[in-house]
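Let's take a walk through a protein model together. Have a look at the sequence and the structure first, and then we will visit a few places one by one.

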Amino acid sequence: MGGRLTAALCAPLLQWYRENARVLPWRENRDPYRVWVSEIMLQQTRVEAVIPYFTRFMQACPDVQALAQAGEQTYLKLWEGLGYYSRVRNLHKAAVRVCEDYAGVFPQTYEALLTLPGVGDYTAGAVASIAFGQPVPAVDGNVLRVVSRLTADTRFVSEPAVKKDMRAQVQAILPDDPGAFNQALMELGALVCVPNGAPRCDGCPVRHLCEGAARGLAASLPNKAPKRARTVAERTVFLLRCGGRVALRRRASSGLLAGLWELPGTEGRLSPAEARAYLAAQGCPPDRLLSLRPAKHVFTHIEWQMAGYYAEVAACPAEAGLTLVTPSALRAEYALPSAFRPFLKVLEGEL
Ligand code: SF4
């Protein structure tokens, strides 16, 4: 356990933020819709990766009404490649709620925002403070790291009680412009008090107030509980061609990548002979079968190690539960999770 945050941080941090804040498309104004969409996109995704997605999303769905009216394929396609698809499903559900329950006007309080699907503590705090100037903190992983270093706090930041305490510490020192202060803390975490043991203390505007730096602990903080080991699952994935079309399958409506399209496949790594037999048993015996380069994809708690086959089949019976689409439709209309992308390389030139 370390010290406590001091309100003396506010002035130098805000001054630094005014001079150094990055120009980002969602900072053009304080429109709650833009703030909300950007905050959801930024969860688990880097700023540079989010910018083109955000721009495209705003062109297709410029306001909460447009998002509420968007069809599932439209918003999934806009999210394609960002991962964690439940984020965009919840965005859509929340947009519908804002339109139905709040006549299309964003609720302004932290408590009301918290009731929207997919909006947790952090997002409610970010939208309430940035868009509406409400005096509430917005504490994400970046801020937890900065606070633990500033106060030389050695407790596990992943513990709910520690998060709650750090949130209370930020709350206690919030200045007049809480939105700017919350963003300043996050920006400090993104640009100066960076992760992976490499804080840039020499260029830090609050170094004179930092207990972690003074005690030589900064690089070793924050302390995190050891991560649960990832499960490894072996799979076989088929890029199935039937005439000029490619076979897709819808995933189950719950669990990993729920309800998304996928390339058909099965559990386990099948040999070429087993792959032929598997396809024959599905009613699609291949005329031609080629091994593709194996691929892996890492999710939060599981890693897929995948064997891949390109198979040309004469027909796909309805019982196989497959949807045949042209490569151009696949590119334009169907959201395919990144895990399957490596197997599409064989279609290059068409996709
Ligand atoms: Fe982070 Fe170093 Fe600044 Fe402390 S002095 S807040 S550890 S960058």
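A residue is called buried when its relative accessible area is under 20%, exposed when that area is over 50%, and partly exposed in between (1.4 Å probe, protein chains only). S129 has 0% relative accessibility, so this residue counts as buried. Before going on, note that this is a predicted model, in which local features need pLDDT of at least 70, side-chain atom pairs count only at pLDDT 80 or more, and totals for chains, interfaces and linings use all residues. Residues are numbered from 1 along each chain as its sequence is written, and side-chain values use heavy atoms, with hydrogens and water left out.

Where does S129 belong? You will find S129 in helix α8, which covers residues 121-132; helices here are DSSP runs (H or I, at least four residues), numbered from the N terminus. The S129 side chain reaches the backbone oxygen of G125 at 2.7 Å. Leaving aside residues up to four places away in sequence, S129 touches Q134, V136, P178, G179 and N182, where contact means heavy atoms within 4.5 Å.

Now move to S328, in helix α14 (residues 327-333). S328 is partly exposed, with a relative accessible area of 39%. From S328 to R245 there are 83 residues in sequence, and the C-alpha atoms are 9.5 Å apart in space.

Finally, turn to the ligand. Among the residues around the ligand are R149, L150, C193 and R207, each with a heavy atom within 4 Å of it. The shell divides into 9 nonpolar, no polar and 2 charged residues, with Ala, Val, Leu, Ile, Met, Phe, Trp, Tyr, Cys and Pro counted as nonpolar, Asp, Glu, Lys and Arg as charged, and the others, Gly among them, as polar.

Notes:
Helices (H or I, at least four residues) and strands (E, at least two) are DSSP runs, numbered from the N terminus. A polar contact is a pair of N or O atoms within 3.5 Å; within protein, one must be able to donate a hydrogen and the other to accept it, and residues adjacent in sequence count only if both atoms are side-chain atoms.
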